[in-house]
Each structure stands twice: as C-alpha cells, then as structure tokens.
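Reader: I'd like to go through the aromatic contacts and one of the helices. Can we start with the rings?
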Amino acid sequence: MTAYSLSCLYSFRRCPYAMRARLGLLFAELPVELREITLKNKPAKMLAISPKGTVPVLQLADGVVIEESREIVEWVLEQQDPQELLNPKTLHQGNTLIEQNDQEFKHWLDRYKYADRHLEMTQTEYRQKGEAFLQILEALLTKNTYLLGDSVTIADIGIMPFIRQFAHVDRDIFYSLPYPKLQIWLKNWLAHPLFIQAMTKFQPWQDGDAPVIFSS
C-alpha cells in the first residue's frame with residue numbers, strides 16, 4: 001500500500017480523543033498517514049476539511065472526512081477488527097460506558113484539571129464528582145481483566161486516555177484512592193506496546209513534508 005492511497009489522520013499527541021483514535025487504528029492494524037499538529041498553529045489543509053479545528057480528523061482516501069473520535073474508531077474497526085474489539089456481546093454496554101465518559105466524566109475531568117478556571121467548587125470537590133465514574137469502572141474490573149471481559153473492547157480504548165488524564169492531574173492522589181483494580185488496569189495500559197506506540201512523538205507536520213506512515 002502506498003502513502004498516497006492511505007487515509008490521513010490529523011492528530012495531537014496529548015489529546016485523549018486523538019489517543020483514542022490512534023489506538024483504534026493500531027488495534028485495527030490499519031495504516032494511515034499521520035499528520036501531527038500543534039494547537040496554536042493548525043494546518044490550513046486540516047481547517048479546510050474540518051473548520052471546527054479539533055482533533056482527531058480522519059480524511060479517507062476517497063476524500064470523506066470523519067471528525068469525531070468515536071466515529072473514527074468505529075469506522076476503522078469496521079474495516080478490520082482482528083482482536084474483535086467490536087464484540088457484539090459487549091458492544092451496547094461499551095458504547096454506553098463511552099457515552100458516560102464523554103458526556104459526564106469529561107465534564108468533571110476538565111474542571112478537576114483546570115480548577116483554577118472553575119471557581120464554583122474546589123478541586124477536591126471536582127475530583128470527587130469524577131470519582132463516581134471511577135467507582136463504576138472499579139466495580140467492572142473486580143470481575144474482569146478489562147472493563148467488559150477478559151479481552152480488550154472499544155470501552156477500554158475509548159475510556160483509558162481520559163482515566164490517564166484524570167490520574168495525571170495528581171498521580172499521588174490518584175494512586176492513594178480506593179480503586180486498586182482501576183489503578184492496575186491503568187498501569188497495564190500505560191505499559192501496553194500499542195499504547196506506547198500510540199504515544200510516539202512526531203514533529204509537527206508541514207505541507208510538503210514526506211508522509212509519516214503510522215501502523216502497528
């Protein structure tokens with residue numbers, strides 16, 4: 001497969017939504033051309049296809065643009081899913097958990113991380129609000145190695161980048177909380193070869209650069 005026939009992913013290494021998309025691509029074993037961006041200097045080509053200016057953005061080889069991380073993950077795994085992350089038995093529950101992550105937990109995560117910008121509550125109170133979701137995940141992990149069973153599903157790759165971000169607000173506090181199964185799950189993910197690959201550093205893309213092929 002040649003670079004010019006590949007889909008193109010605009011990404012930002014530290015964005016949890018972009019991490020989700022990169023993990024989906026790696027688990028799907030679907031190579032793409034990766035264009036790392038900087039948020040302060042977004043490429044004109046990305047803004048031309050996705051004016052909202054957020055990452056990730058996947059432009060397929062036929063020109064179709066997918067702008068939401070969940071839709072990117074679903075699309076790539078529908079193309080090929082060698083590890084069966086889209087397991088029909090857990091798909092509905094997985095989507096429900098990701099929805100809760102995106103609509104509820106992310107709200108409290110942002111306020112916990114940037115408590116100095118949201119003075120209605122204290123940082124501790126924001127953290128405690130976010131812990132309601134951690135408690136749900138801890139309960140699931142008391143029964144399973146991964147969130148929904150003994151193998152990775154979309155729930156794991158869809159949620160892990162956000163738990164990582166929550167933990168990194170204050171690692172000492174996170175690892176002192178009463179969620180031992182979740183802490184082990186996160187540590188295992190941080191050491192997972194595909195996550196390590198997903199977090200590879202690349203220079204910001206500029207028009208005219210040689211393609212960077214991103215694949216497992």
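Author: This is a predicted model. The count comes to nine aromatic pairs.

Reader: Take Trp108 and Tyr126. Is the pair stacked, tilted or edge-to-face, and what puts it there?

Author: The pair is tilted, because the ring planes of Trp108 and Tyr126 stand at 35 degrees; stacked would need under 30 and edge-to-face over 60. Their ring centres are 6.2 Å apart.

Reader: Where do the two sit in the chain?

Author: Trp108 is in helix H4, residues 91–113, and Tyr126 is in helix H5. They are 18 residues apart, and the pair links distant parts of the chain.

Reader: Tyr126, buried or exposed?

Author: Tyr126 is buried, with a relative accessible area of 2%. Trp108 is partly exposed at 22%, since the cut-off for buried is under 20%.

Reader: And what about Tyr146 and Trp189, which geometry is that?

Author: Edge-to-face, because the planes are at 70 degrees; the centres of the Tyr146 and Trp189 rings are 6.3 Å apart. Tyr146 lies in the loop between H5 and H6 and Trp189 in helix H8, so the pair ties together parts 43 residues apart in sequence. Trp189 is buried, with a relative accessible area of 1%, while Tyr146 is partly exposed at 21%.

Reader: Which residues do ring pairs link into a cluster?

Author: Phe105, Tyr112, Phe133 and Phe166.

Reader: Switching to H8. Which of its residues are buried?

Author: H8 covers residues 180–190, and Leu182, Gln183, Trp185, Leu186 and Trp189 are buried there. Seen down the helix axis, these residues fall within an arc of 160 degrees, so they line one face of H8.

Reader: Why would residues with that sort of spacing point the same way?

Author: An α-helix has 3.6 residues a turn, so residues three or four places apart point the same way.

Reader: What does the buried side of H8 pack against?

Author: Helices H1 (16–28), H5 (123–141), H6 (154–169), H7 (171–174) and H9 (193–198).

Reader: And what is on the face turned away?

Author: That face of H8 carries the exposed residues Lys187 and Asn188. Lys187 also lies over the face of Tyr175, at 4.9 Å from the ring centre.

Reader: Which ring does the charged end of Arg117 sit over?

Author: The ring of Tyr114, at 4.1 Å from its centre.

Reader: Last one: what does Thr145 touch?

Author: Leaving out residues up to four places away in sequence, Thr145 touches Asp150 and Trp185. Thr145 is in the loop between H5 and H6. The C-alpha atoms of Thr145 and Trp185 are separated by 7.6 Å, with the two residues 40 apart along the chain.

Notes:
Residues are numbered from 1 along each chain as its sequence is written. This is a predicted model: local features need pLDDT of at least 70, side-chain atom pairs count only at pLDDT 80 or more; totals for chains, interfaces and linings use all residues. Side-chain values use heavy atoms; hydrogens and water are left out. Buried means under 20% relative accessible area, exposed over 50%, partly exposed in between (1.4 Å probe, protein chains only). Helices (H or I, at least four residues) and strands (E, at least two) are DSSP runs, numbered from the N terminus. The arc is that of the directions from the helix axis to the C-beta atoms. Contact means heavy atoms within 4.5 Å. Rings of Phe, Tyr and Trp (its six-membered ring) pair if their centres lie within 6.5 Å; planes under 30 degrees apart count as stacked, over 60 as edge-to-face and the rest as tilted. A charge sits over a ring if NZ of Lys or CZ of Arg is within 6 Å of the ring centre and within 35 degrees of the ring normal.
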